[in-house]
Amino acid sequence: MTQTVFEPWNDPDATPLIQFQGVTKRFGDFTAIDDQTLDIYEREFFALLGPSGCGKTTMMRMLAGFEAPTEGRILLDGQDIAPIPPNKRAVNMMFQSYALFPHLSVWENIAFGLKRDRMEKSAITERVDRMLKLTRLEKFARRKPHQISGGQRQRVALARSLAKAPKLLLLDEPLGALDAKLRQDTQFELMDIQEKTGTTFVIVTHDQEEAMTVASRVAVMDHGKIVQADTPDRIYEHPSSVYVADFIGDVTIIEGTATPREAGYEIAFAEGQPPLYAETDKTFAKGQACHLAIRPEKVSITAEKPRDKRNALQGKILDIAYLGNISTYHVELPGGQVIKAQTANTRRLSRRTFTWEDTVWLSWTDTAAVLLED
Amino acid sequence: MRRVTWFNTTSLTLGFTFLYLPMLILIVYSFNRSELVTVWAGFSTKWYGELIRNEAFLDAAWVTLQVAVVSSTVATVLGTMAALTMVRAGRFWGRTLFSGMIYAPLVMPEVITGLSLLLLFIGIGLDRGVFTIILAHTTFSMCYVSVVVSSRLATFDRSLEEAAFDLGCSPGEAFRLVTLPIIAPAVISGWLLAFTLSLDDLVIASFTAGPSATTLPIKIWSSIRLGVSPEINALSTILIAIVATGVVTASLITKRASLRLQAEERAAEQQA
Ligand SMILES: Nc1ncnc2c1ncn2[C@@H]1O[C@H](COP(=O)(O)OP(=O)(O)OP(=O)(O)O)[C@@H](O)[C@H]1O
Ligand SMILES: [Mg+2]
């Protein structure tokens, strides 16, 4: 059995399901989406990530048909969707506010869309029952929305949008109110549904871990612009800017100036500190200001100076964040720069090697850090 | 903390006396045998009998009922539509003027409303009768309905309608299946308000009623000018009974609904 890798965005022949072409959305004189061009392919699980107010919901609402782009076009299957009203689009949306019908029971809420399709009664019953089972809401079928908990409401909203098995499903923070366990189960359930039905998902989330787990690609947004859209591992390992590096995961950013050296660059960052070394595909001029982004888990922490690594710095432990499976050490260099280093807690806490105020060595390999432009 | 003090008891008694003593006297005298309203001559229900045989009163009652039902229904439809448009239209040029114009008749002296309608009907040569009273009542009670419905719509979550569209509803279906059921309590209270307003309107009706149709309030008013008869007392007692029954029923329904809601919520908490 051959497993073909799913990455239509690298295939020049693939036709995207959704195309944003120079889309701008303004509310009055406020620009919510700023001239964005983006392709999303069939069967993708596309995650939108970004701080509050950056325009994620607006992107979704334009796809669903509740907002029209001020400029540019959106194509679905190669067709401009501007003239198609929301009720005629093969798109379903799960609202950030859930938007459950308060006068209908959970069961009727889920059946609502199916009834509009003039589906047969028995088929509706079957479908709704499946959705109830999927979201573990069987016991609450007869309740009204105001009689269930927040997490249960979120699941009803999810079930209602899934019920019609649309070609494109827009989920606006679908799992925010669920506890960690249920959230994880539902994430796998979503991935499973997608595998089975071939639905394309566009999902908004505030939880990067969730984006990393479920998404085929992640778009990081900032102020109405998509800063980077790429696979989760590329976003994490090769962020295109300081903003992305900082937004996704934990990171230490060191500011300095680059000087070409061998296959990479030497970065001078503080008086009295040895320059750091990093390899990159990008080119920097001599003396160009740059940022070095380094993930805590790529930094080793040792008592002695390691001999085999070029990047080695000495500092004092300022703080330790214990997270159970891992600990993050905040190490302050003599110049005041703080670098984060992470270690797996393979031993019990009482036998931990380092503690506050200890002097330690931090080190990382030549390719561990990412060199970014200013 | 419940303290029954001398002061509390007195104010309560005084208040209730002030409110209900006149009505009580009226009810008591409606069972008076005497022709003279203020002289008690023993218990009798004969005035109720007289009332049923009084064609003029029965006609007026029938006209009043027709006018109230038709005008409040039309006013509810129009008022709800006006409220929907005003809340939905967003900002447009002259919006404040428009919404002001919807509410203006609320504060307009009834005499002026009545007079202007009268002039209009004469101007276009419309014969005054049941139809003109209905038109007049629809016009002024529509504003009340629209106020009641817009205050409900202001808190109505638009995303519910969007969700309905999203799930395949046409605008008509979305209104029928989602918006209307949710704002129904406001629409019903709007109707009840319009109905009561029409039922007890004297001023506007007297301007727009013609010789062919008289409403009950006009009839009562004009008979009183000839002196209070025990018959009027009987009629008023019946009206009080009808209104009281309505109010009690309505409050019982609301109370039952809220009790059921509480019970359901408690059950939900226990199961969750
Ligand atoms: N109808 C509107 N009128 C005016 N401004 C709007 C409207 N809808 C959205 N905005 C603005 O557009 C920006 C983007 O809003 P959007 O709802 O897309 O944010 P978001 O990324 O979904 O945020 P969150 O994570 O908080 O949900 C916000 O600054 C918001 O204030
Ligand atoms: Mg949002």
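Predicted model: local features only at pLDDT ≥ 70, side-chain atom pairs only at ≥ 80, totals over all residues.

Reader: How do the residues of the lining of the second largest cavity divide into nonpolar, polar and charged?

Author: Seven are nonpolar, one is polar and two are charged. The classes work like this: Ala, Val, Leu, Ile, Met, Phe, Trp, Tyr, Cys and Pro count as nonpolar, Asp, Glu, Lys and Arg as charged, and the others, Gly among them, as polar. Residues are numbered from 1 along each chain as its sequence is written, chains are lettered from A and ligands numbered from 1 in the order in which they are written, and side-chain values use heavy atoms, with hydrogens and water left out.

Reader: What makes a space a cavity and not a pocket?

Author: On a 1 Å grid over the protein atoms alone, a cavity is a set of points where a 1.4 Å probe fits but cannot get out, whereas a pocket is an open set with protein on both sides within 12 Å along at least five of seven lines; lining residues have an atom within 4 Å of a point. The structure holds two cavities of 30 Å³ or more.

Reader: What volume does the largest cavity have?

Author: About 90 Å³. Grid points are joined across faces, edges and corners, and a volume is the space filled by probe spheres set on the points. The second largest cavity comes to about 60 Å³.

Reader: Which residues line the second largest cavity?

Author: Met93(A), Met94(A), Phe95(A), Tyr98(A), Ala157(A), Arg160(A) and Ser161(A) are among them, and so are Ala163(B), Asp166(B) and Leu167(B). α4(A) gives the most, with three residues. Helices here are DSSP runs (H or I, at least four residues), strands are too (E, at least two), and both are numbered from the N terminus.

Reader: And which element supplies the largest share of the lining of the largest cavity?

Author: α5(A), with six residues. By class, that lining has six nonpolar, two polar and four charged residues.

Reader: What about the largest pocket: what is its volume?

Author: About 1000 Å³. Of its 31 lining residues, the closest to the centre are Leu199(B), Leu216(B), Leu239(B), Ile242(B) and Val243(B). The lining divides into 25 nonpolar, five polar and one charged, and α11(B) gives the most, 11 residues.
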